[in-house]
Each structure stands twice: as structure tokens, then as C-alpha cells.
Amino acid sequence: MVHFTAEEKSTILSVWGKVNVEEAGGEALGRLLVVYPWTQRFFDNFGNLSSPSAIMGNPKVKAHGKKVLTSFGEAVKNMDNLKGAFAKLSELHCDKLHVDPENFKLLGNVMVIILATHFGKEFTPDVQAAWQKLVSGVATALAHKYH
Amino acid sequence: KVLSAAHKNNINNIKAAWKATGGHAGERGAEALERMFLSFPTTKTYFPHFDMSHGSAQIKTHGKKVADALSNAVNHLDDMPTALSALSDLHAHKLRVDPVNFKLLSHCLLVTLASHHSAEFTPVVHTSLDKFFAAVSTVLTSKYR
């Protein structure tokens with residue numbers, strides 16, 4: 001189980017407090033679909049995904065991105081019990097959505113990159129390290145109920 | 001070819017993105033290494049002799065080495081296996097860095113570039129750079145067995 005120091009928690013909370021979840025969510029999901037086009041396999045009913053600008057401007061992508069990042073907010077609130085917090089979502093992603101957990105790692109890393117573009121120099125190596133721990137913990141938690 | 005020359009856009013994106021680092025490529029290389037050592041501590045096992053503190057001279061020097069190699073790759077996008085042949089041999093026979101680590105350094109290079117050059121780091125440029133680092137990684141591990 002991943003353990004966060006008080007400093008890491010405070011770093012994560014401080015960054016999260018400044019994130020526009022709606023905007024960042026759309027950006028994160030959009031970039032996932034652009035940079036790793038095979039991830040589009042889960043979104044056949046999202047309409048126009050034919051180009052990077054189509055993807056980034058697609059309203060369904062934005063809406064779903066917001067949903068995903070809002071859910072990520074639960075991780076920030078439950079850093080001491082990620083597995084518990086994401087148990088139901090883990091079952092959903094396995095049994096209903098059939099998403100390869102590798103995708104959670106891809107999205108987590110895209111999120112880190114977006115934080116870097118938004119926060120610039122403020123996104124120091126230490127801040128990144130705390131966030132890598134979090135996205136990795138979430139990816140593991142989401143994969144935990146797979147069978 | 002490892003990186004298809006038909007993707008002219010890719011090539012232009014990569015060259016432009018690397019040019020955006022200005023004279024700071026060496027610093028970016030060092031920062032990427034620092035990020036990697038902090039975020040992915042297992043990568044430190046390849047550098048047991050390194051001073052890992054912030055600002056370490058060894059990390060600065062090594063960062064410049066990495067950046068220079070990448071600059072060379074950028075100048076030989078059509079021809080990376082030949083241009084990187086010596087480095088490829090080195091990684092296969094001497095360094096033997098497990099292939100998983102190239103992804104970790106590539107990610108930290110992306111984070112570094114994203115944080116310093118956010119305006120240029122569009123989704124399209126992000127894609128091209130990700131592909132580029134993956135292609136370099138493939139070349140560097142191509143002679144492993």
C-alpha cells in the first residue's frame with residue numbers, strides 16, 4: 001500500500017486546490033486520445049475524433065474528462081485508502097468497461113504532464129514525485145479488483 | 001526506418017520543440033534526470049556512484065551528455081540507427097539498462113519540456129516528442145539480444 005508523508009499530502013493538496021477540474025479533465029482525456037490514439041477504442045460513440053483539434057474540442061471528451069478528473073478528486077481526499085476509495089470503480093472498469101489497467105498508467109502520466117504545463121517552474125521535481133506516487137497509487141487501486 | 005520520414009509534420013514539430021530549448025538543452029537533460037531519480041527511485045540503481053543532491057555536478061554533466069545525444073538524434077531523424085549506433089552498442093554491451101527505464105526517462109523529459117515550454121507543448125507537439133523519445137529508446141535497446 002502506498003504511504004504518503006505529511007509533506008507529500010500537503011504538496012498534493014496545494015496543487016489540487018489550484019486545478020480547474022473541468023478544464024484540466026478535458027485536456028487530460030483529450031491528450032490521452034491524441035497522444036495514444038489506440039485509447040480511442042473505448043470511445044466509439046463520442047463522435048468526431050478525427051484530428052487533434054477535433055478531439056480537443058469535442059464536447060463529449062470534455063464532459064467525460066471532467067467526470068474522470070472529478071473522480072480523481074476522491075483520490076486526493078482518500079490518500080490513505082486508495083484501494084477502498086476506488087473499489088467500486090475498479091469493479092466497474094473490469095466487469096463493465098473492460099479497460100486494460102495499462103490505460104490508467106497512461107492517463108496518470110498525461111495528467112502529470114498537464115500539471116507541468118499549467119504550473120511551470122512551480123511543478124518542481126519534488127512536486128512531480130508526490131504526484132507520480134498519487135497517480136501510480138490510483139492506477140493500482142483501479143486495477144485492484146480485476147479478475 | 002524507425003521514425004517514418006513520411007511524417008514531415010512530426011519531424012518539424014520535433015526540431016522546433018528541441019530548438020525551443022534554446023541554449024538550455026543541457027539543463028533540461030539534467031532536470032529530467034533529477035525528476036526521474038526522485039519520481040522513480042529504482043532508476044538510481046544504475047548510478048550508485050552519483051551524488052544525487054539537487055545541483056549535483058555529476059547530474060549536470062550527465063544531463064548534458066543525454067541532451068547532446070538527443071540533439072544528435074534530432075539532426076538525424078531519418079537515420080537514427082546509424083547516428084546512434086555507438087550509443088546503442090554501449091547500452092547493449094556495457095550499460096545494459098533495463099528497457100523499462102527508457103520510458104521513465106522519456107516521461108521525465110516530456111514533463112521537463114512541458115514545464116519550461118508550455119506554450120509550445122501543444123497536444124500535437126506532445127505526440128511527436130513522445131514518438132521521438134520512444135523511437136530513440138527503441139534504437140538504444142535494439143542490440144540487446
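Student: How much space lies in the largest cavity, and what makes it a cavity?

Tutor: About 60 Å³ of space lies in it, a volume being the space filled by probe spheres set on grid points joined across faces, edges and corners. On a 1 Å grid over the protein atoms alone, a 1.4 Å probe fits at the points of a cavity but cannot get out. The model is predicted: local features need pLDDT of at least 70 and side-chain atom pairs pLDDT 80 or more, whereas totals for chains, interfaces and linings use all residues. Residues are numbered from 1 along each chain as written, chains are lettered from A and ligands numbered from 1 in the order written, and side-chain values use heavy atoms, without hydrogens and water.

Student: Which residues line the largest cavity, and what is their class?

Tutor: The lining (residues with an atom within 4 Å of a point) consists of A:Trp16, A:Val19, A:Ala24, A:Ala28, A:Leu69, A:Met111, A:Ile114, A:Leu115 and A:Trp131. By class, nine are nonpolar, none polar and none charged; Ala, Val, Leu, Ile, Met, Phe, Trp, Tyr, Cys and Pro count as nonpolar, Asp, Glu, Lys and Arg as charged, and the others, Gly among them, as polar. Helices are DSSP runs of H or I with at least four residues, strands are runs of E with at least two, and both are numbered from the N terminus.

Student: What makes the largest pocket a pocket, and what volume does it have?

Tutor: A pocket is an open set of points with protein on both sides within 12 Å along at least five of seven lines. The volume of the largest one is about 1200 Å³. Of its 50 lining residues, A:Tyr36, A:Leu106, A:Asn109, B:Lys103 and B:Asp130 lie nearest the centre. Helix 7 of chain B contributes the most to this lining, nine residues, and by class the lining has 23 nonpolar, 20 polar and seven charged residues.

Student: Why are helix 6 of chain B and helix 7 of chain B called roughly antiparallel?

Tutor: They pack at about 150°, with axes 10 Å apart; axes are lines fitted to C-alpha atoms over the stretch in contact, and angles run from 0 to 180 degrees between N-to-C directions. Angles over 145 degrees count as roughly antiparallel (under 35 roughly parallel, 65 to 115 roughly perpendicular, the rest oblique), and therefore the two helices are roughly antiparallel to each other.

Student: At what angle do helix 7 of chain A and helix 8 of chain A pack?

Tutor: The angle is about 155°, with the axes 9 Å apart. Helix 7 of chain A is therefore roughly antiparallel to helix 8 of chain A.
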